[in-house]
Amino acid sequence: MNETNERASDQQLGERLRLAREAAKLTQASAAALIGVARTTIVAIEQGLRHIRLDELQKLASAYGTSANFLLRREAVLLDLVPRFRKLPQGVGEEVEVASRLLNDLVRAEVELENALGVLRSRNYPPERPVLPGDVRAQAEHDAQDLRDWLGLGPGPVIDIVPILELQLGIRVYVRQMDSHISGLFAFDDVAGACIVLNAKHPRDRMTQTAGHELGHFVSSRRQVEALTEEERFLSRGERYADSFARGFLTPARAVRQLFADITAGQLHLTRRHVILLSSAFGVSREAMVRRLEELALARGGTWDWFQANGGITADQVRQVLGEPPERSMTPIGAQGLVPPRLALLAREAWKRGIYSEGQLARLLELDRHGVREVLAGAEHEESEADEIVELLH
């Protein structure tokens, strides 16, 4: 492949420079001053109308916090995803910026690896269903059941929501540690598609509920950007829809009613044991389960508040009913590892083909050398173990 084909065109490079400049929060005038040209020259460079000299590119790349090599690579990708925040309390501006950059970096890395390997990510997106006037909860319940039917999930619980999002719908899902105030982020881009990152610091049931909530945004308004403070959250129809959608998707009414009838048969009171068994079966928190029972008129309103006022439902009580929980890393969402399985496979293949070095992958995936070696562990033996009989047919 000749050098021209390996490098980005002036138009591609100009667009990447624009996105990098905006991410660095620099104006065109500031960028022009850095390389001693007029602002109109920066405009022309970013539009691909003026070829940028290498010394100019190096100065701008350094100021933008990136490298000239990255900007020039044909398969390199710069995105400008604007996430929708699951929770956005006041006073966490810096954490919000960090989380936004994290999502952009993770998506950029995956898209770049796809481009380098010539891989197209399949999408199986259902049509959008905008939030309509009227009863938001009823609409969300209906839409959630329709999506379950469309996916062929049947009436039972969703054991692990991440493979459904990733493999059945084609949504990019990442599990990484973020500030504890942020449960998850959702963003949509025409190039990258739908993208979600979940906070690995949170318990599995909370991550599951967050994923269901973000799925509600994906179904109802995937192109609409919205950032809400915690105080505003329950005033937004879009947020109320997403909350109701998550409950309908993760705890479908018929399945909840059936299991509730089975485990409470012949008994007079709803007990902590009932709540623990139900929440475990559906993979949601005890509070979410009780509030769902209240919503379905299977428990009186205020039942969760009564439990809280009378000692709550403790971890010791959960262990008495369910036994010791498995290690966090062995739970479905916790088993994601440092990068999602699909992204790890792309990284391993790119490394085996010599497209990326270990160091380049570490920078691309935002990992240290130890982390990237975990991702690549065993890859050097895979080719020697391969046989013609197991070659993939293309």
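Helices (H or I, at least four residues) and strands (E, at least two) are DSSP runs, numbered from the N terminus. The model is predicted: local features need pLDDT of at least 70, side-chain atom pairs count only at pLDDT 80 or more, and totals for chains, interfaces and linings use all residues. Residues are numbered from 1 along each chain as its sequence is written, and side-chain values use heavy atoms, with hydrogens and water left out.

**View 1. Helix α17 and the glycine that follows.** Helix α17 covers residues 341-352. Its expected span (1.5 Å times one less than its number of residues) is 16 Å, which agrees with the 16 Å between its end C-alpha atoms. Buried residues (under 20% relative accessible area, with exposed over 50% and partly exposed in between; 1.4 Å probe, protein chains only) in α17 are L343, A344, L346, A347, R348 and A350. After α17 comes G354, with a positive phi near 80°.

**View 2. A297 in a loop.** A297 sits between α14 (286-295) and α15 (303-309). Its phi is positive, near 60°, although the residue is not glycine. Most residues other than glycine have a negative phi. A297 is exposed, at 67% relative accessible area.

**View 3. R108 and L364.** R108 belongs to helix α7 (residues 93-117) and is buried, with a relative accessible area of 12%. The C-alpha atoms of R108 and L364 are 8.4 Å apart, while the two residues are separated by 256 residues along the chain.
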